[in-house]
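Here is a short briefing to read alongside the chain on your screen. Have the viewer open and follow the topics in turn.

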Amino acid sequence: MIKPDASKKRLVTGIRNLSPELLEELKKKYPLGFTDSMIRIDKPNGEFFYAVPFETADIYYLVKIDVKIDDGTEDDDDKDYYDDELKGADEIQDDGSSAADELADDDDI
């Protein structure tokens, strides 16, 4: 990781707070996305955020990126998807014909 120039101003900002021009420059720097460049910033109170470094001629930015973290609180694995009855199964009636019979009827046309 490149160390920022000590004489540059340092600023932490959210991606939504960037001007359209800076946002375009950020997109040019990371054309394939931020995933490989994100760093985790731990705050003293135990909270954290993810950011990407971005440097202009006079400012070194850490741009906060909103990241949704799957913490596993929803226990989808506990759901039993196969206990329910098939809906509409009682509406299907057996009229004695098969798919082969229907295809044979179509060939007579």
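A residue counts as buried when its relative accessible area is under 20%. By that cut-off, 19% of the 109 residues of the chain are buried. Please keep in mind that this is a predicted model. The chain holds 2 helices and 4 strands, and along the sequence these follow the pattern β-α-β-β-β-α.

**The chain as a whole**

- The accessible surface of the chain amounts to about 9700 Å², and carbon and sulfur atoms account for 49% of that area.

- The 4 strands make an open sheet in the order 1-4-3-2, and the pairing is mixed.
- Strand 1 and strand 2 (39-42) are the edges of this sheet; each has a single partner strand, so one side of each lacks a neighbour in the sheet.
- On average, neighbouring strands of the sheet are turned by 40 degrees against each other, direction ignored.
- Helix 1 (residues 20-29) packs on the sheet and touches strand 3 and strand 4. The direction of helix 1 makes about 90 degrees with that of strand 3.
- As background, strands of a sheet pair through backbone hydrogen bonds, in either a parallel or an antiparallel way.

**Strand by strand**

- Is strand 4 (residues 59-65) mostly covered or mostly uncovered? Strand 4 is mostly covered, with 6 of its 7 residues buried.
- Strand 1 (residues 9-14) pairs with strand 4 in the parallel sense, over 6 bridges. Two places to look are Lys-9, which stands opposite Ile-59 in strand 4, and Leu-11, which stands opposite Tyr-61 in strand 4.
- Strand 3 pairs with strand 4 in the antiparallel sense, again over 6 bridges. Here Glu-55 stands opposite Tyr-60 in strand 4, and a hairpin with 3 residues joins strand 3 to strand 4.
- Strand 2 and strand 3 run antiparallel and are joined by 4 bridges. In this pair, Arg-40 faces Tyr-50 of strand 3 as its opposite residue.
- Between strand 2 and strand 3 there is a hairpin with 5 residues between them, and Gly-46 in the turn has a positive phi of about 95 degrees.

**Salt bridges**

- How many salt bridges does the count come to? The count comes to 5 salt bridges, and some of them are described below.
- In general, side chains of opposite charge can pair when their charged atoms come close.
- Glu-25 and Lys-28 form a salt bridge in which the closest N and O atoms are 3.7 Å apart. Both residues lie in helix 1, 3 residues apart, which is about one turn of the helix. Glu-25 is partly exposed at a relative accessible area of 40%, whereas Lys-28 is exposed at 60%.
- Asp-42 and Arg-40 form another salt bridge, with the closest N and O atoms 2.8 Å apart. Asp-42 counts as exposed because its relative accessibility is 51%, while Arg-40, at 45%, counts as partly exposed.
- Lys-43 and Glu-47 meet through their side chains in a salt bridge with an N to O distance of 3.5 Å. Lys-43 is partly exposed at 33% relative accessibility, and Glu-47 is partly exposed with a relative accessible area of 46%.

**A nonpolar patch on the surface**

- Which residues form the nonpolar patch on the surface? They are Phe-48, Val-67 and Ile-69, and together they have about 230 Å² of accessible area.
- Phe-48 belongs to strand 3 (residues 48-55). With 34% relative accessibility, Phe-48 counts as partly exposed.

How values were computed. Residues are numbered from 1 along each chain as its sequence is written. This is a predicted model: local features need pLDDT of at least 70, side-chain atom pairs count only at pLDDT 80 or more; totals for chains, interfaces and linings use all residues. Side-chain values use heavy atoms; hydrogens and water are left out. Patches are made of residues with over 30% relative accessible area and no salt bridge: like charges are joined within 9 Å, nonpolar side chains (Val, Leu, Ile, Met, Phe, Trp, Tyr) within 5 Å. Accessible areas come from the Shrake-Rupley method with a 1.4 Å probe; for residues, only the protein chains shown count as cover. A salt bridge is a side-chain nitrogen of Lys or Arg within 4 Å of a carboxyl oxygen of Asp or Glu. Buried means under 20% relative accessible area, exposed over 50%, partly exposed in between (1.4 Å probe, protein chains only). Two strands pair if DSSP finds at least two bridges between them. Axes are lines fitted to C-alpha atoms, for helices over the stretch in contact, and angles run from 0 to 180 degrees between N-to-C directions. Contact means heavy atoms within 4.5 Å.
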